[in-house]
Amino acid sequence: DHYRFVGTDQARRLRQNFITVLSKEVHSLDTSRLSQLISWISRDDPEVDDEILEDVARQLEARWEKEENINVRHELGQCLTTVLHRVDREENLPAFLRRQIEEGPEAYRQNYIANLYNELMTRSWTGEIEDELFALWPRLTDATNAEVRVQTLVPALYHLVDTMLAKREEAVGATSEARGKMTRQELAAERRQSRAKAREGM
């Protein structure tokens with residue numbers, strides 16, 4: 001039974017071996033094997049050293065840059081994205097997702113736009129992130145039919161505005177620790193003030 005096996009010492013020894021194989025052969029493994037190995041070690045049992053993952057990410061990006069086959073390049077990008085989710089997510093992941101939009105295979109461009117958009121939607125609010133999200137929003141579909149564009153973009157806009165308002169409110173509001181010391185009336189007033197600031201900023 002797979003679900004029982006993954007938690008055994010034998011499975012941990014296998015994953016340790018997979019870490020070694022991945023770190024030594026990332027430059028030459030085919031993408032299906034790469035994907036399997038990355039999936040196996042993502043359990044982080046045993047824990048994978050960040051330096052190993054950073055080196056794997058560098059080698060994967062170097063392969064991605066040189067790869068001419070569009071399907072293989074796309075698959076390498078998927079592998080790299082998975083690794084970057086584990087290490088260097090804060091800066092290097094969105095940076096690579098932006099590169100994919102500009103430099104990746106045209107056939108997968110909409111996927112890359114959606115990936116960056118969805119990743120930024122998970123981040124804490126900043127003015128820069130909000131600006132980028134609104135710039136990406138009209139690119140969430142490449143449809144030319146007006147009705148199709150409306151069906152895609154209008155719900156996405158509602159969701160984007162609601163999400164940014166909530167994140168702005170969180171950013172301008174009091175800390176959890178401060179709110180814990182407030183009376184019920186003070187807390188209600190603070191939330192109203194934060195909501196008003198968020199809407200004004202929006």
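This is a predicted model: local features need pLDDT of at least 70, side-chain atom pairs count only at pLDDT 80 or more; totals for chains, interfaces and linings use all residues.
Local features need pLDDT of at least 70 and side-chain atom pairs count only at pLDDT 80 or more, while totals for chains, interfaces and linings use all residues. Residues are numbered from 1 along each chain as its sequence is written, and side-chain values use heavy atoms, with hydrogens and water left out.

Start with the overall fold. The protein has 11 helices and 0 strands. Helices (H or I, at least four residues) and strands (E, at least two) are DSSP runs, numbered from the N terminus. Of the 202 residues, 35% are buried. Buried means under 20% relative accessible area, exposed over 50%, and partly exposed in between (1.4 Å probe, protein chains only). Take the contacts with a separation of 6 or more: residues 24 or more positions apart account for 56% of them. Contact means heavy atoms within 4.5 Å.

Helix α4 (residues 50-66) packs against helix α6 (residues 92-103) at about 10 degrees, and their axes are 12 Å apart. Axes are lines fitted to C-alpha atoms, for helices over the stretch in contact; angles run from 0 to 180 degrees between N-to-C directions. α4 and α6 are therefore roughly parallel. The cut-offs are under 35 degrees for roughly parallel, over 145 for roughly antiparallel, 65 to 115 for roughly perpendicular, and oblique for the rest. From α4, the contact uses Glu61, Trp64 and Glu65; from α6, Phe96, Arg99, Gln100 and Glu103. These residues divide into 2 nonpolar, 1 polar and 4 charged. Here Ala, Val, Leu, Ile, Met, Phe, Trp, Tyr, Cys and Pro count as nonpolar, Asp, Glu, Lys and Arg as charged, and the others, Gly among them, as polar.

The charged end of Arg73 sits over the Trp64 ring, 4.0 Å from its centre. The test is NZ of Lys or CZ of Arg within 6 Å of the ring centre and within 35 degrees of the ring normal.

Now the ring pairs. Rings of Phe, Tyr and Trp (its six-membered ring) pair if their centres lie within 6.5 Å; planes under 30 degrees apart are stacked, over 60 edge-to-face, and the rest tilted. The count is 3 aromatic pairs. One of them is Phe18 with Trp40, edge-to-face, at 5.6 Å centre to centre and 75 degrees between the planes. Phe18 lies in helix α2 (residues 9-25) and Trp40 in helix α3 (residues 31-41), 22 residues apart. Phe18 is buried at 12% relative accessible area, whereas Trp40 is partly exposed at 27%. Tyr108 and Tyr112 form a tilted pair, 6.4 Å centre to centre with 35 degrees between the planes. Both Tyr108 and Tyr112 are buried.
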